[in-house]
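Here are some short notes to read beside the structure. Keep the 3D view open and find each element as it comes up.

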Amino acid sequence: MHLSRVLLACTLRAPDSITRLSLAKWDTLVRQARAAGLLARLAHLFRQLDLFKAIPANVQWHFEAAETLADRQRTAVQWELQQIHKALDDLGSPFIVLKGGAYVAANLSAANGRLFNDIDILVPRDKLGDAESSLMLAGWHATGLSEYDKRYYRRWMHEIPPLQHIQRDTVIDVHHAILPDTARYHPDSAKLRSRAIELPDLPGIRVLAAEDRILHSATHLFHDGELPHGLRDLTDLDLLLRDALEADTHFWTLLVARATELQLSRPLFYALRYLRHFLDTPVPGEVDTALQPATPNRFTVALMDRVFTRALAPTHDSCADVYTPLARQAAFIRAHWLRMPAHLLILHLIHKAFISPHLDNSTPKPA
Amino acid sequence: MKLLQLSHHELRRQLSGAGIWMRTGPFSLRVQSRFPYVAEGLTELYGQFEVRSAQESFADFHVSVNPPTNLRRWVRPQAAFSFDGMQPFKPLPQDQAFPMLEWGLNWCVSTQAHQYLIIHAAVVEKNGLAAILPAPPGSGKSTLTAGLVLSGWRLLSDELTLINRKTGLIQPLPRPVSLKNQSIEVVREFDPATYINRASLDTIKGTVAHMRPPRDSVLRQHETARPGWVIFPKWEAGARTRLTPRSKAQTFMFLAQNAFNYSHLGADGFRVGSALIDQSDCYDFRYSQLHEAIAEFDRLAETAHTT
């Protein structure tokens, strides 16, 4: 597991090591952090620990510029959430903000220095049509996908095609579940909704409970296939766990029990394994014991290690070895394998490999 | 060390190997390319720019222009720009490798360097005051910029006006001046001694060539300038040279819309932009004769200098 020595991961584990970095190492760190979408998060970390002045003068602007962007995005996300709330006011059912949007809405550590591509929300399945038409009235429309991708979303996915705002270009993903219907595991969305938390500052907007937030993030990471921001998502998880443990000392027990209830122990097992590997997140031994029933056999774990220690590293040349492309490919196929039965998967991959590239090579968010 | 001091062989060796380390304005670059066109473009246009040994350790932007790794290279040779492994544009015909590097560098600055308010405008300086020339394509902005910098004005930038958010001063980024279509001939006629490189035909912007930036502008690339004017030039056949004052509020709106990162800066963008407009006289400018246009600009600079 030599890739645990990725400079960015080392820096996240021990930020004060930057006082000893050579300029050549700074060059690598900035490039890895930019590729991983973590420049602004590092900047936040350095400020928090009063380390910003340890950054060489000619390097500082990279962190400041990323901070500027992240601050602006955070304000923009808060504002967009209000707009979505207004648009969905008459839905007759509160909507739940997921992932990054939720971290901002609930003012969690994981919102610090985070960059956004889109805002994810969860609505009950029977409200999906109403939600989509209300959002369309407010200016969000499905764009940029091929006909095949649109059909694929509607038929098989746990979300509708991404909606982009006609003026502001912001993108919303509307989900009715956290995994597709065809997936191996079926976490019950009603159970997730039942524990959702109302936010005092943002009435009408809810977020998942701390344990569900973590399980969702882990599930997403190990089922999504494309991992351009794998390490960023791991740092989100690390921060979410630390926040939750601070609020509740019995949090581990709660988390493991909830994972079992939602059939999500396996993604939790992998998340904790690679959190330890990349970020030294303190996970007590009892948690391993409790997750034993969900632990794959030794052979599978060894194989997964070879895949995920590579696929979760930043997408930068300095973090790749000869097996990295293969590992990313394997992570992609594995994720699809878990998301749909074999006959569908084979048809889908054939379409993606041989038909889609000839029809349309500008798909912004392929399924 | 200056780029022109490198032997052609050494330049090619560094460029096609780990990349050559160069400085333009406040940014350090590592440029890597296997195309002889790119080596040629750098030699011709970047001779006065600082280079350092290939071992120089830190660079702001790691960029490359190389043949893409798809099958088309056997059919119609192409060039692909990459910013540290990321390809923001589709590949272009190989003949456009050098302009692609220029466009790619502009893209790096305009999407990353948020320590500046970045306005899409040319900017030139005389007597310590800068004239910002924002204008849509086809307005004769680059012809006028080239004419001015060949007549004693200092080139700060032909595309990207960088306003330092902390000081409000304009940071030079003098690089080759991009000339399009007829303006290539106009500038050649205006000053036959100036160097303009081989034109790339049929680019997305038509025929494109680059003019070597004046030596003095490159040597003074760390000397910032105070904003003096915002002038919207418009070339019109047969028009009388005329400078007319324009509303500051409208000018502000135009600059905000034509800034690459105004919306990213939030309230600070407004603060920096309005401070800029406060200090600047704003004009519309029509002209048909380049010499007259330059004389008018010189008068402006003279008046500001004596008052």
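1. Start with one residue pair. A:L98 sits opposite A:D120, which belongs to β2(A). Keep in mind that this is a predicted model.

2. Now widen the view to the two strands. Strand β1 of chain A covers residues 95-98, and strand β2 of chain A covers residues 119-122. Three bridges join them, and they run antiparallel.

3. Next, the whole sheet. Seven strands of chain A make an open sheet with mixed pairing. Their order is β3-β4-β5-β2-β1-β7-β6. The edge strands are β3 (140-142) and β6 (197-198) of chain A. Each has a single partner strand, so one side of each lacks a neighbour in the sheet.

4. Look at what lies across the sheet. Helix α4 of chain A, residues 57-87, lies across β1, β2, β5 (171-175) and β7 (205-207) of chain A. Helix α4 runs at about 35 degrees to β2(A).

5. Move on to a helix pair. In chain A, the axes of α14 (residues 298-311) and α15 (residues 324-339) come within 8 Å and cross at roughly 105 degrees. Angles of 65 to 115 degrees count as roughly perpendicular, and α14(A) and α15(A) are therefore roughly perpendicular to each other. On α14(A), the contact residues include A:R306 and A:F308. On α15(A), they include A:T324 and A:R328. The residues of this contact divide into six nonpolar, one polar and three charged.

6. Finish with the chain pair. In chain B, 13 residues are in contact with 18 residues of chain A. The chain B side of this contact has four nonpolar, eight polar and one charged.

Notes. Residues are numbered from 1 along each chain as its sequence is written. Chains are lettered from A and ligands numbered from 1 in the order in which they are written. This is a predicted model: local features need pLDDT of at least 70, side-chain atom pairs count only at pLDDT 80 or more; totals for chains, interfaces and linings use all residues. Two residues are in contact if their C-beta atoms, placed from the backbone, lie within 7 Å. Ala, Val, Leu, Ile, Met, Phe, Trp, Tyr, Cys and Pro count as nonpolar, Asp, Glu, Lys and Arg as charged, and the others, Gly among them, as polar. Axes are lines fitted to C-alpha atoms, for helices over the stretch in contact, and angles run from 0 to 180 degrees between N-to-C directions. Helices (H or I, at least four residues) and strands (E, at least two) are DSSP runs, numbered from the N terminus. Angles under 35 degrees count as roughly parallel, over 145 as roughly antiparallel, 65 to 115 as roughly perpendicular and the rest as oblique. Two strands pair if DSSP finds at least two bridges between them.
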